[in-house]
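Here is a short walk through one structure. Look at the charged pairs, then at a helix packing.

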Amino acid sequence: MAPIPRLRDYKGPALLSYGFRPFFLFGSLYAGLAILAWLPMFYGTLELSTAFAPRDWHIHEMLYGYLPAVITGFLLTAVPNWTGRMPLQGRPLLVLVLVWAAGRLAVTTSAWIGWEAAAVIDNAFLLLVAGAMGREIVKGRNWRNLKVLIALGLLLAGNILFHVEAHVLGAADCGIRFGIAATMMLIMLVGGRIIPSFTRNWLVRENPGRLPAPFGRFDMVTMIAAGVALAAWIATPDWSVTGAALIAAGVLQAARLARWAGERTWRDRLVLILHVAYAFVPLGFILTGLATLGLVSSAAGIHAWSGGAMGVMTLAVMSRSSLGHTGRALVASTVMQGLYLLLVVGALARICAAVHPALSDVLLHVAGLAWAGAFVGFALAYWNVFTRPRVNA
């Protein structure tokens, strides 16, 4: 791929020089602070003026608040790489950030401004991002990457469904499943591309021997099985056949992960954490399948996917991408390794809280505080990375 073009006439703050900088910074801060608000909401000691039920606000801001920020930061940095065009920066980038922030405020105050206004403001962000990405890809004639618009379109459709369903039915169950399923498909697609690639590059250089299996027919089978199982889960979450399909998909995803030689990457924590994050994908499938069969709480699988796969994967990608795009060495600092561990412990604690209700109070606090500490800690640890120029500029 062509390198990101150098900036020409931009003289503003470094924070607005590349898309990953503001969206990774403010997205991670929001992820951490939102959980600190969610814990007292869960226990009934804090009320927000949102039209959503407390659970729906919590899940919405994870699926359609935090995650779109990270995805946008990734795309705004990757698309110039793909097209050879200049990255979005300065005032246009600031507008996107402000629209995203307006969506968070609108959702949180939707009981005041009305659910319709909140839905319009909230969905305006994904529409603007899709428009900006589509424009750059078309002008750069990078047709094969138009598929990123499908991912953005699915998130937009899920967000619209979430708002409408929450208003009409009082709870956004289908919108939640749709958003989780769309995000998991994105993680499996992107993870299946970057994890074997980064692993292969490091192993060839540092630890010759068994390498990740190349993408092939087996990967196609695992993706199709996962897509069918997730579609069934969206439509019929209580059907025993859906549970069997989810468990089968989880076993296939575990086998897929095992083919990537992750156990050989122990010395490179930036690569290892990607494998750890992906391990929550099959775990979520299996636990959700067991929940469909009535054997465990549905919260166990959902949090394996959300707190585990989504949380750990986004932190892993943000930390690695930010170092690479600012000219820094691709090495996980001791602090960053601690934050990885903190987030993994938090994800496991949240899963265990669903499996062992007797310990749920303690484990919920461990999970929530670990999540908040990991993401706020990341924002603080990478503050200079996001707010200062490239070290080799």
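A salt bridge is a side-chain nitrogen of Lys or Arg within 4 Å of a carboxyl oxygen of Asp or Glu. Glu136 forms one with Arg135, their closest N and O atoms 2.7 Å apart. This is a predicted model: local features need pLDDT of at least 70, side-chain atom pairs count only at pLDDT 80 or more, and totals for chains, interfaces and linings use all residues. Residues are numbered from 1 along each chain as its sequence is written, and side-chain values use heavy atoms, with hydrogens and water left out.

Glu136 is buried, at 14% relative accessible area (buried is under 20%, exposed over 50%, partly exposed in between, with a 1.4 Å probe and protein chains only). Arg135 is partly exposed, at 46%.

By the salt-bridge rule, the count is 9. Among them is Asp122 with Arg104, with 2.8 Å between the closest N and O atoms. Asp122 lies in helix H5 (residues 115-139) and Arg104 in helix H3 (residues 91-108), so the pair ties together parts 18 residues apart in sequence. Asp122 is buried at 2% relative accessibility. Arg104 is buried at 6%.

Arg55 also bridges to Asp173, at 2.9 Å. Shared partners join Arg55, Asp56 and Asp173 into one network.

Now the packing. Helix H1 (residues 20-42) and helix H13 (residues 360-381) pack at about 160°, with axes 8 Å apart. H1 is therefore roughly antiparallel to H13 (angles over 145 degrees count as such).

Terms used:
Axes fitted to C-alpha atoms, helices over the stretch in contact; angles between N-to-C directions. Helix = DSSP H or I, 4+ residues; strand = E, 2+ residues; numbered from the N terminus. Parallel < 35°, antiparallel > 145°, perpendicular 65-115°, else oblique.
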